[in-house]
Amino acid sequence: MVPFNWPRCLVENPAKPEGDMGMGNGSSVRTVRIFLASPSADTLEARARVVQVVNEIGADPLYAAHVRLDLRRWDDPARPVACDRAGNPQQDIVQQVGSPGDCELVIGIFAHTMGGTLPKDRFSVPAGRDDPWHCSEWEVAQGLGAQRSVWVFHDQRPLMTNTAQAKRASLAVSEYIEDFDPLDGSMRSGFNPFSDLDDLASKLRYVLRVWLSTRFIRQQGDPSPSNHRRLRELSYLDGLTERLSQHELRYVPLSGEETPEQRLERVLKDLVIPSDFVLEAFEMDGRAACTGHASIEPVVYQDVLEAYRALPARGEVRRLAVLGEPGAGKSFSLGRIACELARKARADETQPVPVMVALGLWTDADETLDAFLVRRSAPFLADDLQTLRREGRLLLLLDAVNEIPPGQRSAKAAEIAELAGDESIAAMVLSCRARDFEVELKSRLAFDTLKLLPLQPPQVHELLRRTLVMVHGEAGGARLADEKFWNIVGRPDLQQVWQIWKKDGASWNDFWLSSELVMPRCSDRSVVKRMEHIRIWGDSLSDRRSLLWLAVNPFLLTVMMQLKAIPPNRAQLFAGFLKVLHERERRTCEKRGDAVGVPTLAAWRLVLVQVAEALQRVDGREGDDGARTALARTDWPVALDEAMLVFSIDASVLQVVDGELRFTHQLLQESLAADVLLDASRSGRRPASDFWPEQRGWARTGWEVVAEIAGEACGADEAARLKLIEWLSTAVPKVAADVWKHLNRPALPAELRQAIADQWCPRLTDNTAEPAPEARAAIGEWLGALDLDRRPGTGLRADGVPDIEWVLIDDENEPFYIGRYLVTNRQWQAFIDDGGYETDQWWQGLAERMAPITPTWSEPTAPRETVSWYEAMAYCRWLSVAAEQAVRLPTEAQWARAARDVYGEELDAKLENEMFSLGRTTVVGSYQVWTAGKDLPQDLGGNVWELCSCKFGVAPELAHKRPELRVVRGGSWADRSLCVHPGRRGMQMPDSRSTNVGLRLVRAVPHSEP
């Protein structure tokens, strides 16, 4: 029987070698002949490593006392082969080194070439074969024909030469290996792939020790003196550490919370009446009730290995159940402690011997636990388990109790409980999924429980580093780990914050783990910048859509490591996760003989989509405040039956917390809900208003991110993307704009653009049809994104000069014209495109010429912001020449006079068009002000502060400190309603720029006009 997880090349030929195997004159040391076969072209390094391993084991006193290893190879410097090139080198090797068929073991090494061929007249081929033998192929065949043990190792490292000939040669090796697959081929002992030379050495070292110990040191029926028993024990321990050595390299400390069992069985193993029966007799809940012990606070371990290490010395309480979600690291942590305990037991023969078995392989209902342990301990410890048990040196690590077939769990849990009652066992640790233990096993197994906690971000980074260093070396692995970690975090702004804080002396652990971050003091960091950093830090760590919330599960983190890059397409990413999780559960169920009830991937996804739809609250009922992340039992879809729920929980997709159903990650919920929007947009059966109520179509409902993911799910299907955008555009212009931008602004057909303009342009400035300013702002953003807002006065004339629509202000002293609208982005861009920032003429006499920067909001008809007073003056000079009429910034008096025309004499009255709640500007004119019979300027309050030409007057004693301050008027989108009124005055330095400051123009009335 092949031990669990042993390499495939240990499937041994049962035939025993003939003869005395080199034994002579009564010697107790047996000579074991090993033949090394491999093509010389690309296996020289691998051959050298095989030689190293064979010599290492041959020199080990534990083995040297019983066997002498005689490695036969053509490149042995101690026995050089004299090849007659005129004859046949292979025949020389056979004659001088020995035939593979005369050796007890043949080791074949292959990479990407089969090597040279042999003449058919001297080396006959089997019937039906036309091609001649390759040298190493013939050597392997000789071992097989003589019924010897044959192991073939296949180098999996990539081919370095990409020529057609090299590819054909590599393919030939692969085909040869496949022909000898032990499942259906003639190779008795199988093959074993290796990823690098260290992997080859590790696997060969392990299997060679096993083979020597079982075939030559201990024969079936031989007496077992103590030294033989210790040798078997050491061989087992060596094999265990070899097999689990990567656990030591990759392990990062896992946190855990231990809760003591409160039933009396924890310490009293011989109770006549079990506590469960007593509680049932008194009609008490066995899982909730306590038998009189005082409540004990859980113990938190920063590294669960500490709990494992302490277990054997804990007196009568040496039984522990390790619980966690699927993929949380239960098996990995058991493997890690098993490796550590094995090393201790090898160094000190009084230490407990760890025996780790996977209970998922205990599938025979008639097999007892003792028989299973004996079977899984073969070949080394099969006859020694009871001795170890009597000596108090047996430490059992029972992995994955939940993988026992469901119909057998109850009976087998009783066997585990009975074995756990044996005080001679040094310690027993079992692992189980938390839900399975609480529901099915806790009442039978009076074990303390250790719940594994999710990884923290520093642990995620460290696990990435340890794993990738193993693959790519220290420098390359550390660099790739950093890249992968920040790719998972998905917040470049947070990475920039970390780099700044790191430079200032911040701690990596504090950065991720502190509940309230204390920024390092730095003189060159302004208070505003420090507060912005704290905002980014807080938002990032609370972002439930971050992939960090998936990476806290070691299994899912490993899946991410297997990806060359994290796909930016979230639909693709989470579809992949679902496939992987479904396959993991399918294999788990298949292993325990419970695969009949496994749903197909398609059926499972269909039910999950229904759960996601319920959580997203698609009915749009009154009071609906957006998507939920928890679903009450009464709202669960009918299709989610008990079997489907259990499968989904085991797959780490759903969880039940306090009786409410949740997805384990918000993006899982949203990526599945995207199927609903795609179906609605393609079929036309449900309008977008079913997801965004018409009366509040501008408000967030929780479907906004879902719509973006739906767009991603369309992939390269251009028709599906356009259909989704068209469907969204009929009801939610803001979401349509966001999805359109998210999909890299695909070109829309002319008929669709016209339909959008016809539907939304009239409503942009219609306060009656769209009374909510948020709705008009959303319409403006959509029309602006598509450049469909072509109102007079917001764009350019046919000659490319800004088209300013003027409003006459009939002042009794000096009438003037003022722009109906603020200067828009489109109108400012004409200045940039005409070289306005490079032309000296426009900047003469101004203290500073500035370089242009991108506005914060880019819609063509949004007001241009982030411009200084100097830039505004240069713009006026340019436009005066381009439009052939003198334009300038208004004086403060002119601005106030225009405001009185619009709002009357009460300039300090609160306006109703403040935009603080929007958090941005809106396209100009979307807050219409209209008085019968009057032509009025728009947006004089509440969009952006408006630059005036004159200085801001200050008290004479302060004038010398800030003589250049300029006046701004009207308030902005960033001000609360009490601060937004036409009487509001502000000030700004002439070289300052701000996202809430723009400009409006005036011009004089020509004398020829009445």
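**Exercise 1.** How much space lies in the second largest pocket?

*Solution.* The model is predicted, with local features needing pLDDT of at least 70 and side-chain atom pairs pLDDT 80 or more, while totals for chains, interfaces and linings use all residues. Residues are numbered from 1 along each chain as its sequence is written, and side-chain values use heavy atoms, without hydrogens and water.

Step 1. A pocket is an open set of points on a 1 Å grid over the protein atoms alone, where a 1.4 Å probe fits, with protein on both sides within 12 Å along at least five of seven lines.

Step 2. The second largest pocket holds about 1100 Å³ of space.

Step 3. Its lining (residues with an atom within 4 Å of a point) comprises 42 residues, and Glu-325, Lys-451, Pro-454, Val-552 and Gln-655 lie nearest the centre.

Step 4. By class, the lining has 24 nonpolar, ten polar and eight charged residues.

**Exercise 2.** Determine the setting of Glu-258.

*Solution.* Step 1. Glu-258 belongs to strand S6, residues 256-259; a strand is a DSSP run of E of at least two residues.

Step 2. Glu-258 is buried because its relative accessibility is 5% (buried: under 20%; exposed: over 50%; partly exposed: in between; 1.4 Å probe, protein chains only).

Step 3. Contacts (heavy atoms within 4.5 Å) of Glu-258, leaving aside neighbours within four places in sequence, include Pro-298, Arg-314 and Asp-448.

**Exercise 3.** Classify Cys-589 and Cys-761 by accessibility.

*Solution.* Step 1. Cys-589 has 6% relative accessibility, so Cys-589 is buried.

Step 2. Cys-761 has 28%, so Cys-761 is partly exposed.

Methods. Helices (H or I, at least four residues) and strands (E, at least two) are DSSP runs, numbered from the N terminus. Grid points are joined across faces, edges and corners, and a volume is the space filled by probe spheres set on the points. Ala, Val, Leu, Ile, Met, Phe, Trp, Tyr, Cys and Pro count as nonpolar, Asp, Glu, Lys and Arg as charged, and the others, Gly among them, as polar.
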